[in-house]
Amino acid sequence: MISKFTDLGISEEVAHAMDDMGWEEPTPIQEAAIPYGLKGHDLIAQAQTGTGKTGVFGALILCIIPAHQKLPSAIVLVPTRELAVQAAEEIGRLAKYTGHICIPIYGGASIEKQVDQLNAGVDIIAGTPGRVRDLIERGYLNLSLIKTVVMDESDRMLDMGFIKDIEFIFKACPTERRMMMFSATMPEDIKRLAADYMTRPKEINVSKDEIMLDLTKQYYISVGRRNKSWALTRIIDIDKPKALIFCQTIKMVDTLEQRMTEHHYKVEALHGDMPQSRRERVMDDFREDKIDLLIATDVAARGLDIDDVSYVINYDMPDDLDTYIHRIGRTGRAGRVGTAVSFVTSAEEYLIREFELRTGMKIEKREVPEEEGMKDSIRKVTDYDQLSDPFGMVRFEINLGKNDKVGKVSLADYICRTGRIMDAAVGKIQLGLNASVVEVHRDFGNRMLMDVPRTKYRDKQINVRVLDRK
Ligand code: AMP
């Protein structure tokens with residue numbers, strides 16, 4: 001396969017993965033930096049998010065270091081957990097045909113799991129300096145085979161006070177290694193670090209106008225009205241975003257603020273019924289990072305000029321495209337990556353299709369995030385509106401079937417009698433051998449789920465569970 005990527009010297013396997021990712025041609029920084037990198041030069045590049053810099057060091061690492069070495073051969077240092085995960089994911093996608101294993105390493109998560117992953121053998125690490133140092137000091141991480149060291153978002157790492165950890169990590173690597181440094185700005189301390197640890201690095205500069213990639217990732221989550229607050233707290237607990245949360249009405253903003261506050265989340269509301277002075281204070285608090293979660297109506301959010309919102313959450317989906325675009329445009333600014341998540345009830349899913357068609361953008365479906373062993377602060381409930389079809393029918397599975405000598409009529413009878421459910425509320429029945437699927441109107445959902453299982457059919461204890469929509 002010959003492409004604009006192999007022309008730069010990138011291996012066919014990596015170019016093939018880029019093709020799968022929909023990359024058509026190299027970005028300016030990829031074009032400028034990759035050939036030097038492949039020749040073995042150290043690199044220092046002034047580049048922001050959105051220039052394709054992860055593609056630069058990802059491709060270089062994958063083209064230079066061998067796979068399956070057990071001990072890591074490359075390490076990428078990044079300032080935050082979010083970036084560690086993002087970098088590891090992108091390198092993982094680029095490694096689709098090379099087989100390299102890349103794992104994220106960051107603090108605030110179970111150390112055992114990361115140690116297990118290291119023991120299983122990894123080629124590349126994308127990690128935050130604090131946790132990487134910790135693992136080295138505890139003897140879990142051996143960097144003696146490192147051939148490539150990357151510092152991503154170097155200026156942010158120094159701002160966050162990671163310099164001592166970074167130098168400790170450099171010293172744990174062999175002296176014979178190549179180094180790449182990426183930074184949005186080039187303050188003196190970065191230059192000093194480069195002078196101390198790099199050998200005649202090539203300097204690459206990419207101007208601001210060359211950031212042309214769309215930095216806002218758009219997702220939607222299919223969730224019923226009653227479970228939106230559950231989904232919201234999951235996202236907040238796991239991703240810890242700085243988020244602007246949009247609701248359709250002032251009343252909804254107030255209700256959600258109250259609910260989140262009851263569950264001890266630090267949130268503020270912003271809407272037109274609040275006195276101007278209070279609105280200004282709330283906006284200041286959000287701007288100054290005193291609060292990370294702001295729940296707002298569209299009108300009130302207009303006055304908010306801020307460019308480091310990492311998430312826009314459409315708690316309620318807007319019904320027109322202009323509002324949608326205006327909302328999501330509040331993230332992914334100033335070269336930062338942004339995420340827009342929309343909560344969409346089953347009745348609203350058509351809006352996603354419509355917005356995709358009209359803009360040519362892709363809005364990917366995502367599940368409510370989940371983390372092992374976490375406890376929900378708001379519980380998920382059975383939302384019959386979300387589970388029902390356009391006629392209001394919800395599918396249930398009951399553990400009775402042909403083997404129990406029931407037919408459709410006797411099964412319907414049994415359900416109506418034990419659940420005190422109206423005849424007309426029972427719909428289609430699909431008889432199975434040991435279990436059957438029965439449609440019941442959502443108004444009787446609770447009786448079907450709670451009352452019917454309290455009974456026995458010829459000594460058999462009855463179980464019922466609700467099924468997702470088809
Ligand atoms: P980065 O600057 O590395 O954070 O990259 C920003 C986004 O651009 C990521 O989603 C990359 O997957 C994407 N990207 C990187 N290089 C290319 C390319 N050559 N063509 C299209 N998208 C790219």
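Student: What distance separates an oxygen atom of the ligand from a polar backbone atom of Thr 51?

Tutor: The distance is 3.1 Å. A polar contact is a pair of N or O atoms within 3.5 Å; within protein, one must be able to donate a hydrogen and the other to accept it, and residues adjacent in sequence count only if both atoms are side-chain atoms. This is a predicted model: local features need pLDDT of at least 70, side-chain atom pairs count only at pLDDT 80 or more, and totals for chains, interfaces and linings use all residues. Residues are numbered from 1 along each chain as its sequence is written, and side-chain values use heavy atoms, with hydrogens and water left out.

Student: Which distances belong to the backbone N or O atoms of Gly 52 and Lys 53?

Tutor: For Gly 52, such an atom lies 2.8 Å from an oxygen atom of the ligand. For Lys 53, the value is 3.3 Å. Taken alone, the ligand exposes 500 Å², and the protein buries 83% of that. These areas come from the Shrake-Rupley method with a 1.4 Å probe; for residues, only the protein chains shown count as cover.

Student: How many residues surround the ligand, and which are the closest?

Tutor: A residue is near if one of its heavy atoms lies within 4 Å. Here 15 residues surround the ligand. The closest are Glu 25, Gln 30, Gly 50, Gly 52 and Thr 54. By class, the shell holds 4 nonpolar, 7 polar and 4 charged residues. Nonpolar covers Ala, Val, Leu, Ile, Met, Phe, Trp, Tyr, Cys and Pro; charged covers Asp, Glu, Lys and Arg; the others, Gly among them, are polar.

Student: Now the whole chain. How many helices and strands does the protein have?

Tutor: There are 18 helices and 20 strands. Both are DSSP runs numbered from the N terminus: helices are H or I with at least four residues, strands E with at least two. The C-alpha trace spans about 85 × 60 × 45 Å along its principal axes. Of the 470 residues, 52% are buried. Buried means under 20% relative accessible area, exposed over 50%, partly exposed in between (1.4 Å probe, protein chains only).

Student: Which domains are assigned?

Tutor: Bounds come from an automatic or database domain assignment. It gives domain 1 (2-209), domain 2 (216-365) and domain 3 (384-466). The C-alpha centres of domain 1 and domain 3 lie 56 Å apart.

Student: How many aromatic pairs are found in the whole structure?

Tutor: The search finds 7. In one, the ring centres of Tyr 315 and Phe 343 are 5.8 Å apart and the planes meet at 55°, so the pair is tilted. Rings of Phe, Tyr and Trp (its six-membered ring) pair if their centres lie within 6.5 Å; planes under 30 degrees apart count as stacked, over 60 as edge-to-face and the rest as tilted.

Student: Where do Tyr 315 and Phe 343 sit?

Tutor: Tyr 315 is in the loop between β12 (311-314) and α14 (321-328), and Phe 343 is in strand β13 (residues 338-344). The pair links distant parts of the chain, 28 residues apart. Tyr 315 is buried at 4% relative accessibility. Phe 343 is buried too, at 0%.

Student: What are the values for Tyr 384 and Phe 396?

Tutor: Their ring centres are 6.5 Å apart and their planes lie at 45°, so this pair is tilted. Tyr 384 belongs to helix α16 (residues 384-387) and Phe 396 to strand β15 (residues 393-398), 12 residues apart. Tyr 384 and Phe 396 are both buried.

Student: Take helix α17. Is Tyr 414 buried or exposed?

Tutor: Tyr 414 lies in helix α17 and is buried, with a relative accessible area of 4%. Its C-alpha atom is 8.8 Å from that of Val 452, 38 residues apart along the chain. Cys 416 is also in helix α17 (residues 408-419). Cys 416 is buried at 13%. The C-alpha atoms of Cys 416 and Val 440, 24 residues apart along the chain, are separated by 9.9 Å.

Student: What does the side chain of Ser 183 reach?

Tutor: It reaches the backbone nitrogen of Asp 155, at 3.2 Å. Ser 183 is in strand β6 (residues 178-183) and is buried, with 1% relative accessibility.

Student: Last, backbone angles. What is the phi of His 68?

Tutor: His 68 has a positive phi of about 60°, although it is not a glycine. His 68 lies in the loop between α3 (53-64) and β2 (74-77). His 68 is exposed, at 57% relative accessible area. Lys 240, not a glycine either, has a positive phi of about 45°. Lys 240 sits in the loop between α10 (228-239) and β9 (243-246). Lys 240 counts as exposed, at 61% relative accessibility.
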